[in-house]
Amino acid sequence: RRVCKGWQEAHDSMVSSLKLSSPPPPYRLKTGFAGVNELDLSSFHGDHARLNSVLTYFSGLTSLNLDGLHTKLMDWTILPPTLTGLTYLSMAHTNVRDELATL
């Protein structure tokens, strides 16, 4: 990834699965990772605003893992309305009530 900017952009555009433990700078999300369809935020550390900010860059997600999220969800409406393509959503071990955590 650190070879050159062109290689970094090419690499980031081919990534289909990503696991984030901390929110990257917004410019990193705006310029790359367009092909990500699986996002694992189970180790994510950050507040609700940062979580929502990260999710807005991944509108093409089909899989989202929030299992045991360190940033406890206040309610499941934190998910942006652009995530209409989700076919898998894990909210296990969060403080969201089970009846609200179903798709």
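This report covers the fold, the nonpolar core and selected side-chain contacts of a predicted model.

## Basis

In this predicted model, local features need pLDDT of at least 70 and side-chain atom pairs count only at pLDDT 80 or more, while totals for chains, interfaces and linings use all residues. Residues are numbered from 1 along each chain as its sequence is written, and side-chain values use heavy atoms, with hydrogens and water left out.

## Overall fold

The protein chain has three helices and four strands. Both are DSSP runs, numbered from the N terminus: helices are H or I with at least four residues, strands are E with at least two. Along the sequence the pattern reads α-β-α-β-α-β-β.

Buried residues make up 35% of the 103 residues in the protein chain. Buried means under 20% relative accessible area, exposed means over 50%, and partly exposed lies in between (1.4 Å probe, protein chains only). Contact means heavy atoms within 4.5 Å. Among contacts between residues at least 6 apart in sequence, 49% join residues at least 24 apart.

## The sheet

The four strands form an open sheet in the order β1-β2-β3-β4, and the pairing is parallel. β1 (17-19) and β4 (88-90) stand at the edges with a single partner strand each, so one side of each lacks a neighbour in the sheet. From one strand to the next, the twist averages 5°. For such angles, axes are lines fitted to C-alpha atoms, for helices over the stretch in contact, and values run from 0 to 180 degrees between N-to-C directions.

Strands pair if DSSP finds at least two bridges between them. β1 and β2 (residues 38-40) pair in the parallel sense over three bridges. Here Leu-18 stands opposite Leu-39 in β2.

## The nonpolar core

A nonpolar core is a set of buried Ala, Val, Leu, Ile, Met, Phe, Trp, Tyr and Cys residues joined through side-chain atoms within 4.5 Å. The largest one holds 21 residues. Leu-18, Leu-39, Leu-41, Phe-58, Leu-61 and Leu-64 touch the most other members. Helix α3 (residues 48-56) gives the most to this core, with three residues.

Leu-39 has contacts beyond its neighbours within four places in sequence, including Leu-18, Val-54, Phe-58, Leu-61 and Asn-65. In soluble globular proteins, nonpolar side chains tend to be buried together.

Asn-65 is in strand β3 (residues 63-65). Asn-65 counts as buried, at 17% relative accessibility. Its side chain reaches the backbone nitrogen of Asp-67 at 2.8 Å. Leaving aside neighbours within four places in sequence, Asn-65 is in contact with Leu-39, Asp-40, Leu-41, Ser-42 and Ser-90.

Ser-42 lies in the loop between β2 and α3. Ser-42 is also buried, with a relative accessible area of 15%. A polar contact of 2.6 Å joins the side chains of Ser-42 and Asp-40. Such a contact is a pair of N or O atoms within 3.5 Å; within protein, one must be able to donate a hydrogen and the other to accept it, and residues adjacent in sequence count only if both atoms are side-chain atoms.

The structure holds one salt bridge, defined as a side-chain nitrogen of Lys or Arg within 4 Å of a carboxyl oxygen of Asp or Glu. Glu-9 forms it with Lys-5, the closest N and O atoms being 3.4 Å apart. Both residues lie in helix α1 (residues 5-14), four residues apart, about one turn of the helix. Glu-9 is partly exposed at 39% relative accessible area, whereas Lys-5 is exposed at 62%.

Gly-32 sits in the loop between α2 (26-31) and β2. At 11% relative accessibility, Gly-32 is buried. The C-alpha atoms of Gly-32 and Glu-9 are separated by 6.2 Å, with the residues 23 apart along the chain.
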